[in-house]
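Trainee: Could you take me through one part of this model closely, the place where the two chains come together? I'd like one connected account.

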Amino acid sequence: MYNKYKDVIKLYIEFLKKSFQSQFIYRANTLIRIFTSFIFVFIMANVWTALYSTTDGIVDGINLSEMLTYVLMVEVVRTVVLLPVSRYVAGRAKTGIVSIDFIRPINLKLCAIFNGLGENMLSIVFFVAPIVVIGSLIWGFVFPSRPFQMIFFIIALFMAVILYSTMEYIMGLTAFWTKTDFHINWIVNSFMTMFAGMTVPLWFYPKPIKLVADVLPFKYFIFEPINIFLGKVDFSGAINIIIMQFVWLGILLLIERFVWHFAQRVVTIQGG
Amino acid sequence: MEYASLYWDFVKIKLKSIVEYPGAFWAETFAKFMGFASQFIVTFLLVYRFETLAGWTAYEILLFVSINITAYSLAGFFMFNPFAMLSMHIQQGTFDEMLTKPLNPFFYLCGKGFLYGYIGNLIASIGTMIIAIVNLDFNTTFYNMMMLIVFIIGGALIHCALFMFFNIPAFWIIKSDALITLKWSLDDFARYPLNIYNKFIQFFLIIIVPISFINFFPVAFLLGKDNIGFNPNLALLTPVIGIMLTVLGYKFFFFAVKHYSSTGS
């Protein structure tokens with residue numbers, strides 16, 4: 001029994017390695033990607049500095065150096081969390097390769113996740129790490145002051161990966177009907193833009209819009225983990241966030257089951 | 001004139017595909033609308049909480065970003081597909097086919113590549129522009145509206161030129177992905193006003209890659225802003241720069257074609 005699980009894990013790690021390697025081939029683009037990501041962070045740092053210059057230094061309990069750390073942390077968290085799972089699934093649905101996945105003794109969702117992890121781990125090492133190092137040299141970096149912030153941040157980040165890839169997987173499955181994940185991707189991304197806190201943290205949202213963000217799952221992908229990291233929620237607040245992540249995971253898994261059930265039918269009708 | 005009616009024929013063919021696949025068309029329009037509308041909303045919220053971004057209010061920033069996206073979308077209709085796909089055409093050798101047509105190859109490339117997929121962007125950006133104008137102290141006189149249209153067309157021409165200048169090097173380097181990625185970065189700069197950047201970057205965005213003429217100076221001119229450290233009358237250069245750069249881009253294209261040797265595939 002133990003050996004069986006070991007083999008399964010080995011198999012998925014192989015997926016991760018393969019995708020890591022295939023990304024690594026495009027070394028020429030690496031430098032340019034570091035540069036463009038850095039430009040993005042640089043622009044946002046300019047924007048926040050300009051915004052804070054007209055205030056007395058603290059807005060809604062956040063000062064400029066915490067805000068700049070937030071900008072850098074968004075780069076880290078989005079690279080870890082935003083796995084391109086839907087692209088993988090939709091690509092296989094479109095070309096029909098997915099028919100092989102049905103008879104393979106491996107799990108399509110896990111393949112997609114580990115494939116994405118391979119890509120994103122490379123991004124962390126080669127793109128994000130240099131930017132965070134350079135960024136913190138220029139703008140400083142506010143480290144978590146209490147140990148629970150770091151521990152709960154890591155738990156929340158891990159949960160965010162699972163949550164987000166489940167959502168992406170559901171999006172990918174819709175390609176069984178539409179043959180493309182393009183439209184659903186843009187629409188879900190627009191919700192991410194508004195409610196995940198990628199550009200503007202939810203601290204600064206007006207009340208009504210904050211309320212909408214609070215009842216949607218998107219803030220648990222990006223904003224809440226960083227919120228914990230920066231210590232803007234207390235111990236019980238952090239636990240609350242992680243509980244809510246589990247609740248959302250339950251809801252998403254139910255939706256996934258439902259969609260998967262119908263997706264299989266559509267594929268059967270089409271004959272693969 | 002002959003070319004105009006021929007271009008319209010190309011466009012008609014593309015528009016017919018909307019009738020054929022209405023579902024896909026509306027899905028794409030809605031998806032793009034949501035994508036851009038959400039960006040506008042977030043930019044608004046960003047400035048709204050802090051009241052001002054380097055002397056610009058939230059609605060002024062809305063006008064600022066919506067003019068840029070309107071100009072970009074107008075350019076995108078005609079230029080995105082031809083030039084974003086140029087590197088692929090060259091790699092696969094399909095560009096050689098265009099040289100054999102009894103037509104101006106630039107014209108053929110553009111006609112073939114007309115893209116209707118920017119309607120969603122346009123609805124979002126023009127809608128945002130109207131919201132901004134209604135909420136601003138903006139005199140909707142005939143003169144002001146004419147200037148707004150002139151600026152948008154000038155900005156669209158600058159975007160056209162950017163599409164050309166960043167993609168035409170594909171004739172020499174074949175894979176120009178890196179250059180295109182750099183172009184996206186430049187577009188990021190245009191999302192926020194010029195006066196939040198340092199002198200070096202301001203110089204770069206005025207002289208080297210003049211994207212500040214797309215929206216920064218025009219909006220300053222239209223709103224009569226004198227608290228931004230630049231003379232708003234510089235906006236009058238926008239149409240001139242747009243036309244000049246587009247003509248240069250056109251010349252650059254033929255220069256590249258002249259020195260082009262096929263990949264042989």
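Mentor: Happy to. Let's begin with a term: a salt bridge here is a side-chain nitrogen of Lys or Arg within 4 Å of a carboxyl oxygen of Asp or Glu. This is a predicted model, in which local features need pLDDT of at least 70 and side-chain atom pairs count only at pLDDT 80 or more, while totals for chains, interfaces and linings use all residues. Residues are numbered from 1 along each chain as its sequence is written, chains are lettered from A in the order in which they are written, and side-chain values use heavy atoms, with hydrogens and water left out.

By that rule, one salt bridge spans the interface of chain B and chain A. The partners are the side chains of A:Asp60 and B:Arg49, at 2.8 Å from N to O.

On the side of chain B that touches chain A, the elements giving two or more residues are α2 (22-50) and α10 (177-189) of chain B (helices are DSSP runs of H or I, at least four residues, numbered from the N terminus). The most comes from α2(B), with 19 residues. By class, this side of chain B has 22 nonpolar, seven polar and four charged residues (Ala, Val, Leu, Ile, Met, Phe, Trp, Tyr, Cys and Pro count as nonpolar, Asp, Glu, Lys and Arg as charged, the others, Gly among them, as polar).

As for the whole interface, 33 residues of chain B are in contact with 33 of chain A (heavy atoms within 4.5 Å). About 3,000 Å² is buried between the chains, and carbon and sulfur atoms give 81% of that (accessible area, 1.4 Å probe, lost on putting the two parts together, summed over both).
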